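Hello everyone. Please take a look at the sequence and the model on the screen. I'll walk you through them.

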Amino acid sequence: IKNLQKDLQKSMPFGEKIRVKLDKRDKSSIDKFWEWTRKGAPIILEVGKRDVDSNNLMVKQRIYINTPEGKQIISRDEFVNNAAQYVENIQKAMFEKAKARMDANIRTDITTRICKIF
């Protein structure tokens with residue numbers, strides 16, 4: 001796990017190092033997942049004994065919660081090699097969604113003044 005943490009910190013999405021937090025608390029994985037989701041973690045990795053033995057990771061991306069893409073089992077090396085791209089894609093998707101929502105809520109049909117300027 002420590003090697004994974006070091007390898008991920010070498011990735012540089014947007015020219016910044018990836019920040020990795022290792023959560024070894026004695027809590028259920030679902031409780032930790034929702035806690036880190038509320039904190040805004042874009043990607044949550046779950047690594048258990050079977051994952052370590054098979055050199056895989058359970059990857060959960062914030063933008064795909066409650067979708068078929070929400071949980072993926074990916075090889076450790078594949079994830080490390082593409083970690084920066086995953087983070088950049090999440091940022092882009094979240095920005096596009098927020099911009100579309102903002103654009104949809106901009107009103108251009110207002111023609112009367114609400115207050116008079118003297």
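Predicted model: local features only at pLDDT ≥ 70, side-chain atom pairs only at ≥ 80, totals over all residues.

I will start with the overall layout, then go to the core, the aromatic pairs and the salt bridges.

The protein has four helices and three strands. Starting at the N terminus, the order is α-α-β-α-β-β-α. Now, how spread out is the protein? Its radius of gyration is 20 Å. The globule rule gives 13 Å for 118 residues, so the protein is more spread out than a compact globule. You can also see this as a box. Along the principal axes, the C-alpha atoms fill roughly 75 × 30 × 30 Å.

A few totals. Of the 118 residues, 25% count as buried. The accessible surface is about 9500 Å². Carbon and sulfur atoms account for 52% of that surface. Now take the contacts between residues at least 6 apart in sequence. Of these, 39% join residues at least 24 apart.

Next, the core. Here is a general point first. In soluble globular proteins, nonpolar side chains tend to be buried together. In this model, the largest nonpolar core has 13 residues. Which residues have the most contacts inside it? They are Leu 8, Ile 43, Val 59 and Phe 79. Helix 4 gives the largest share, six residues.

Let's zoom in on Leu 8. Set aside residues up to four places away in sequence. Leu 8 then touches Ile 18, Val 20, Leu 45, Phe 79, Val 80 and Ala 83.

Stay with helix 4 for a moment, and find Ala 84 there. Is Ala 84 buried or exposed? Its relative accessibility is 18%, so Ala 84 counts as buried. The cut-off for buried is under 20%. Which residues does Ala 84 contact, beyond its neighbours within four places in sequence? They are Ser 11, Met 12, Pro 13 and Ile 18. Ile 18 is also on the list for Leu 8. Now follow the chain from Ala 84 to Ala 100. These two are 16 residues apart along the chain, and their C-alpha atoms are separated by 24 Å.

On to the aromatic rings. The structure holds two aromatic pairs. One of them is Phe 33 with Trp 34. Their ring centres are 4.9 Å apart. The planes sit at 75°, so this pair is edge-to-face. Phe 33 is buried, at 9% relative accessible area. Trp 34 is partly exposed, at 34%.

Phe 79 and Tyr 86 also form an aromatic pair, and this one is stacked. Centre to centre, the distance is 5.3 Å, with 15° between the planes. Phe 79 is buried at 3% relative accessibility. Remember that Phe 79 is one of the core residues with the most contacts. Tyr 86 is buried too, with a relative accessible area of 14%.

Last topic: charges. How many salt bridges does the structure hold? There are eleven. I'll show you three of them.

Begin with Lys 10 and Asp 7. Their side chains meet in a salt bridge at 3.9 Å, N to O. Lys 10 is exposed, with 63% relative accessibility. Asp 7 is partly exposed, at 24%.

Now Arg 25 and Glu 35. In this salt bridge, the closest N and O atoms are 3.1 Å apart. Where do the two residues lie? Arg 25 is in the loop between helix 1 (2–8) and helix 2 (29–39), and Glu 35 is in helix 2. So the pair ties together parts that are ten residues apart in sequence. Arg 25 is partly exposed, at 34% relative accessibility. Glu 35 is buried, at 15%.

Then Arg 76 and Asp 77. The closest N and O atoms of this salt bridge are 3.6 Å apart. Arg 76 counts as buried, at 17% relative accessibility. Asp 77 is partly exposed, at 41%.

Some salt bridges share partners. These join Asp 23, Arg 25, Lys 27, Glu 35 and Lys 39 into one network. Please find those residues in the model.

That's my tour. Thank you.

Note on methods:
Residues numbered from 1 in each chain as written. Heavy atoms only, no water. Salt bridge = Lys/Arg side-chain N within 4 Å of Asp/Glu carboxyl O. Buried < 20%, exposed > 50% of the residue type's maximum accessible area, 1.4 Å probe, protein only. Core = buried A, V, L, I, M, F, W, Y, C linked by side-chain atoms within 4.5 Å. Contact = heavy atoms within 4.5 Å. Rg over C-alpha atoms; globule rule 2.2 N^0.38 Å. Areas by Shrake-Rupley, 256 points an atom, 1.4 Å probe, with all protein chains shown as cover. Phe/Tyr/Trp six-rings, centres within 6.5 Å; stacked < 30°, edge-to-face > 60°.
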